[in-house]
Amino acid sequence: MRSLPAQPEAEAELKKAHRLAWLTLLYNCTAIAMLFVVMGGSQALKTELTGELLSFIPPVLFLVGDRISRREPNERYPFGYERAVSAGYVGSAVALLGVGAYLLVDGAMKLVMQEHPTIGGFPIFGHVIWTGWLAYGVLLWSAIPAFFLGRAKRRAAETLHDKTLAADAEINTADWQSATAAMIGITGVGLGYWWTDSVAAVLISLEIIRSGWSELRTSLGDIADRRPLALLSKDEEPLPDMLAQSLRRRKWVKDVVVRVRERGREFTAEAHVIPVGEDGLLDHIRKASANPRGIDPRLAELTIAPVQEFPKDIEKARRRAPA
Amino acid sequence: MFLDVRTIATALLSFLSTACDIPKDPEGTSERIASTHELRVGVTDNPPWVSATHGEPGGIEAELVRKFAKNVQAHVLWTTGSESVLVEALKRHELDVVIGGFEKRTQWSSQAGITQPFAKDADGKKHVFLAAPGENGFILNLDRFLTERQRDSGGAS
């Protein structure tokens, strides 16, 4: 199949990722329904609700992006559709940043306006109990499953090299963090400190904004064909150096500059090579570029361009201090 | 059965909410009422819920307020005014409760505390009091009182 790292477990992992995405959508519905019932007329849990609504975006983008990215290349889309996953990643990153920004603005506004959150009574079994106790239950349901969903997605994202899924995992993290902050906030409100809810939300929003900003920068970098970064650690991806080294080791290669770009779940590489001579050059190139997936399961294409000297821009892209 | 899940759950829940004395009022409304014996109520004319055109306020809600005041051993200090003026006073914690035939979906829900409904009118709209925002202990107390007295006051509209 196209658009999948050629690893034996990738296929199974993709199925798992699909199940996780659907599970997330279902789970979000239940969390929203519970929040809605307990909220009643109170504004206090509205922030949490907005976060849950935004968490619908990444799993949907993952499912849609996956579908589109499978299509074969054609005349109109000569490079195929792998970038659909990159586009989904941008959308998910924006959603994550949105969750953080909303938490920050909402919390800060409430602090400035000195808005005292009203959490009154909730009728149940003919008794009226404090809504705060029920809110704990609802928030635990927004936190614990989200934590485990996020962990499972992160694992699948790494195998599939799917960044939409990775950003989706980050949203789940944001969900359990903000739910935990809300629980701390409600405890404070119960003890008579009206500002704890907003302060907790503002503090956790900073972490979510940091993570959203980092994902957004990475996603825009991917679209701008930045040198690839590792999926989760965001450290430099070793593949470009590895490719350059393995080509330079060949006898027929005098010098080489390798450029790798990330296209959704795949890498595409271009190597400009200055050959030693022209004898058997075509054979050399054919052999070197025949099986890119064998070099790295994520490498879909390796194009080798023989040149007499590097064009100016290629020279600029050359790694100054090879590892 | 003598002890079923519901009784246990109810007992546990009411234990949680009474024994721990949570939630508290950030601005100390309940304590103030206990020491001054004054319940400060804003009224805006809206018969049959509240009639406040002359003399002591009357109507369904005014009667409820009097009963609630008796429960918390306070007498009522009435203030008459328009909805917006009264809600402003509520936000400044100069009033404890505002009544005037408010429905659950009132436009003031983002600014004032909304109590549990105490009645449904002929159109099925739920009626509530407005309370000082965030005074959660006081509001819970009021919610308990209103829920106990909830009845279908059909015919009133």
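Across the interface of chain A and chain B in this predicted model, zero salt bridges are found. Between the two chains, eight residue pairs are in polar contact, with both partners at pLDDT 80 or more. On the side of chain A that touches chain B, the residues divide into 13 nonpolar, nine polar and no charged.

The contact draws 22 residues from chain A and 26 residues from chain B. The size of an interface is often given as the accessible area lost when the parts come together. Here chain A and chain B bury about 2100 Å² between them, and 66% of this area lies on carbon and sulfur atoms. Of the area that chain A buries against chain B, 28% is supplied by A:Phe125, A:Val128 and A:Trp133, more than by any other three residues. In terms of secondary structure, β1 (121-124), β2 (127-130) and α6 (163-190) of chain A each provide at least two residues of the side that touches chain B.

Chain B contains five helices and seven strands, arranged along the sequence in the pattern α-α-β-α-β-α-β-β-β-β-α-β. Of its 157 residues, 47% are buried. Among contacts in chain B with a separation of 6 or more, 66% involve residues 24 or more positions apart.

In soluble globular proteins, nonpolar side chains tend to be buried together. The largest nonpolar core comprises 26 residues, and those with the most contacts inside it are B:Leu39, B:Val41, B:Ile99, B:Phe129 and B:Phe138. At least two residues of this core come from each of β1 (38-43), α3 (60-71), β2 (75-80), β3 (97-103), β6 (126-131) and α5 (136-148) of chain B. A second, separate core of 21 residues includes A:Trp130, A:Val138, A:Ala179 and A:Val189.Most residues other than glycine have a negative phi, and most peptide bonds are trans. Two cis peptide bonds occur in chain B: one from B:Ile22 to B:Pro23, with omega near 5 degrees, and one from B:Pro47 to B:Pro48, also with omega near 5 degrees. B:Pro23 is placed in the loop between α1 (5-19) and α2 (29-36), whereas B:Pro48 lies in the loop between β1 and α3. A positive phi near 60 degrees is found at B:His93, a residue other than glycine, in the loop between α4 (83-91) and β3 of chain B. With a relative accessible area of 18%, B:His93 is buried, because the limit for burial is under 20%. In chain A, A:Lys234 has a positive phi of about 60 degrees although it is not a glycine. A:Lys234 is located in the loop between α7 (196-223) and α8 (239-248) and, at 22% relative accessibility, counts as partly exposed.

A:Arg154 belongs to helix α5 (residues 131-160) of chain A and is partly exposed, at 24% relative accessibility. Leaving aside residues up to four places away in sequence, A:Arg154 touches A:Ala169, A:Glu170, A:Thr173 and A:Leu232. With A:Thr173, the side chain of A:Arg154 makes a polar contact to the side chain at 2.7 Å. The C-alpha atoms of A:Arg154 and A:Leu216, which are 62 residues apart along the chain, are separated by 17 Å.

Conventions
Residues are numbered from 1 along each chain as its sequence is written. Chains are lettered from A and ligands numbered from 1 in the order in which they are written. This is a predicted model: local features need pLDDT of at least 70, side-chain atom pairs count only at pLDDT 80 or more; totals for chains, interfaces and linings use all residues. Side-chain values use heavy atoms; hydrogens and water are left out. Helices (H or I, at least four residues) and strands (E, at least two) are DSSP runs, numbered from the N terminus. Buried means under 20% relative accessible area, exposed over 50%, partly exposed in between (1.4 Å probe, protein chains only). Contact means heavy atoms within 4.5 Å. A polar contact is a pair of N or O atoms within 3.5 Å; within protein, one must be able to donate a hydrogen and the other to accept it, and residues adjacent in sequence count only if both atoms are side-chain atoms. Buried area is the accessible area (1.4 Å probe) that two parts lose on being put together, summed over both. A salt bridge is a side-chain nitrogen of Lys or Arg within 4 Å of a carboxyl oxygen of Asp or Glu. Ala, Val, Leu, Ile, Met, Phe, Trp, Tyr, Cys and Pro count as nonpolar, Asp, Glu, Lys and Arg as charged, and the others, Gly among them, as polar. A nonpolar core is a set of buried Ala, Val, Leu, Ile, Met, Phe, Trp, Tyr and Cys residues joined through side-chain atoms within 4.5 Å.
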